[in-house]
Amino acid sequence: MRFVAALLAWLPRAFLMLAAIGLLNFALIRMAPGDPAAVLAGESGASDEQFIAAIHRDYGLDRPLREQVFTYLRRLAVLDLGMSYRTQRPVASVIFERVPATLLLTVPALLLAIIVGTSLGTLAATRAGTWKDTLITSMAMLFYATPVFWVGLLLILLFSVSLEVLPPFGMASFIKKTGMPGVLDVLQHLIMPVLSLALFYMAVYVRVARAATIEVLGRGFVRTAYAKGLSSRQTLRRHVLRNAVLPSVTLAGLQVGQLMGGAVIIESVFAWPGIGRLAFDALMQRDYNVILGVFFVSSAMVVVANLLTDIVLRLIDPRIGRN
Amino acid sequence: MQRPALGGLRSWRFAIGAGALLLIALAAVFAPVLAPFDPWEIVGGQLQAPGAKHVLGTDMLGRDVMSGIIYGARVSLVIGLISTACSVAIGVLIGSLAGYFGGFVDRVLMRFTEFFQVIPSFLFVVLLVAIMTPSMTSIVIGIALVIWPPVARLVRSEFMTLRQREFVEAARVAGLSHGRIMMAEIMPNALPPVIAVASLMVATSILTEASLSFLGLADPNMISWGYMIGAARTVFRQAWWLSVFPGLSLLVTVLAVTLLADVIGDRHNPTLRAMAGG
């Protein structure tokens, strides 16, 4: 029942959020200098008058502004993201065939960052002030300060160019393998992109988990747990972790949007065939409909992730959402 | 729990962070004097490894990498400072209105803030800068528009607690206008924690600019570290120095800013410091 409540609370927010993203997209198109139709056409046909006239008609650009907004939102509602004028295909299908690759990259990266980051952060907090704490916090600070794309390039230099143990780009080898060898091949291609994406976010979780654990350790109920004779391991597992993990989960929900940005960078470094790489290619070709579509679809992924984090939070802390 | 000499540790972090930033700032200001060549000019052979004439080597066109690194400090520092200043202005405005007035105003403004907190912000900046065409101005606007939410939340919570304090009541009884109470009475008390958050935002801005210019969204008139790495991507396997040195410069700059931000953060969060055993 609690999850039904979560879903019901989420639906209107999700709807509003997506409508707002739609408005933002519309504003971005209108903000461009010059004729919005010429912007949408990009390099593919800005000089072709008939082509521009067709875009005008499609988007109702000759109608009053209010009508234009509604036309645009109505099209978004049925997932009509317009045409990619570069590839002459609907943006929605171009994007959706790329979504699985992006999920394959971002979901493991986020999980790795949360699990390793939170564990290291908690460890640092329980050893606050010792060399272990200093080592973990220093490493976290170092990774926090390193540009994501640079980590990727260095990994390629090290593991592909010097050591020649990992493939430098793409999602699979040129010679297609099937079955188990095929899966292993993809996994091999996955290691460096996931790692470079995860390191930065891991650093964030170390900081958050450390601060949260230190805060929880100082509370009264922890002292009570010790006082009633629980060992420090038991106290940590039963009383501290559950509370210290909450901020990390909340953060994960907020970070999915950032992660999509990281995916654009990492996918273009490793030529990973996801929606981030698609956005980068579209950027190079000034195919704005595609970038706007990627922005909309990534936002939709954020909205879904928010529901998931809400449910996870309710699982960890039953008090949430009770009132 | 052990009690380390955190005071000593802190001054050490401060010294390193401030020292490094000072050097970078000097490089930025005196770039024309310090740089051996014009960073855009072809002054040597193509792809020369680091050596006597070109300390950090040359790029695929024969431009001096060292000079690019020195001039590149300008973009990072300027973008870092100006975007942060702009975003603090946005965050303080929204946060103070929400925290001071509460109720409906608060709900609307917080929904707005939440929206900007969860959208894929980097993609938004990419779109914005691409559509407005890349320049220092569009990059600053783009970054400032996405990094303000933490400031707004912080200022809001400060205002919510401070507006109930006696000195604010006194000012209200004395008949001061809302504007005066917000600006002259509450603001000075609400700002210190904002400084801690803002200093970390400088780091975020620098990293965001680097990613933008790495993707090709750089101001065409200013050389930047991210641009150097991005432009050399096709040859980075043969010429490691083209990505390693600009990347190191970014790392050192952001690390210096983060160290300073941490020291400032510790000073404004005495409870956490106390609990950390310092």
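Modeller: Helices, of at least four residues, and strands, of at least two, are DSSP runs numbered from the N terminus. Please note that the model is predicted.

Biologist: Where is A:Arg86 found, then?

Modeller: A:Arg86 sits in the loop that links β1 (83-84) and β2 (89-90) of chain A.

Biologist: How far apart are A:Arg86 and A:Asn289 in space?

Modeller: Their C-alpha atoms are 9.6 Å apart, although 203 residues separate A:Arg86 and A:Asn289 in sequence.

Biologist: What does the secondary structure of chain A come to?

Modeller: Chain A has 13 helices and two strands. Its C-alpha trace spans about 80 × 55 × 40 Å along the principal axes, and 41% of its 323 residues count as buried. Of the contacts in chain A between residues at least 6 apart in sequence, 70% join residues at least 24 apart.

Biologist: At what angle do α6 and α11 of chain A pack?

Modeller: Helix α6 (residues 99-126) and helix α11 (residues 232-269) of chain A pack at about 140 degrees, and their axes are 8 Å apart. The crossing of α6(A) and α11(A) is right-handed.

Biologist: Which residues of α6(A) meet α11(A)?

Modeller: Among them are A:Leu105, A:Leu110 and A:Ile114 in α6(A), while those in α11(A) include A:Ala244, A:Val245 and A:Ala252.

Biologist: Changing topic: how many residues of chain B are in contact with chain A?

Modeller: There are 40 from chain B, in contact with 47 residues of chain A. On the chain B side, α4 (103-118), α5 (121-132), α9 (178-214), α11 (241-268) and α12 (270-275) each supply at least two residues. The largest share, nine residues, comes from α5(B). That side of chain B divides into 29 nonpolar residues, nine polar and two charged.

Biologist: And which residues touch the most other members of the largest nonpolar core?

Modeller: In that core of 176 residues, they are A:Ala279, A:Ile291, A:Val294, B:Leu123, B:Val126, B:Leu127 and B:Val151. Helix α9 (residues 179-217) of chain A gives the largest share of this core, 19 residues.

Biologist: What does B:Val126 touch?

Modeller: Leaving aside residues up to four places away in sequence, B:Val126 touches A:Val264, A:Leu283, B:Leu212, B:Leu215 and B:Leu217.

Definitions and conventions: Residues numbered from 1 in each chain as written. Chains lettered and ligands numbered in written order. Predicted model: local features only at pLDDT ≥ 70, side-chain atom pairs only at ≥ 80, totals over all residues. Contact = placed C-beta atoms within 7 Å. Nonpolar A, V, L, I, M, F, W, Y, C, P; charged D, E, K, R; others polar. Core = buried A, V, L, I, M, F, W, Y, C linked by C-beta atoms within 7 Å. Buried ≥ 20, exposed ≤ 12 C-beta atoms within 10 Å, placed from the backbone. Axes fitted to C-alpha atoms, helices over the stretch in contact; angles between N-to-C directions. Left-handed = near helix turned anticlockwise from the far one by under 90°.
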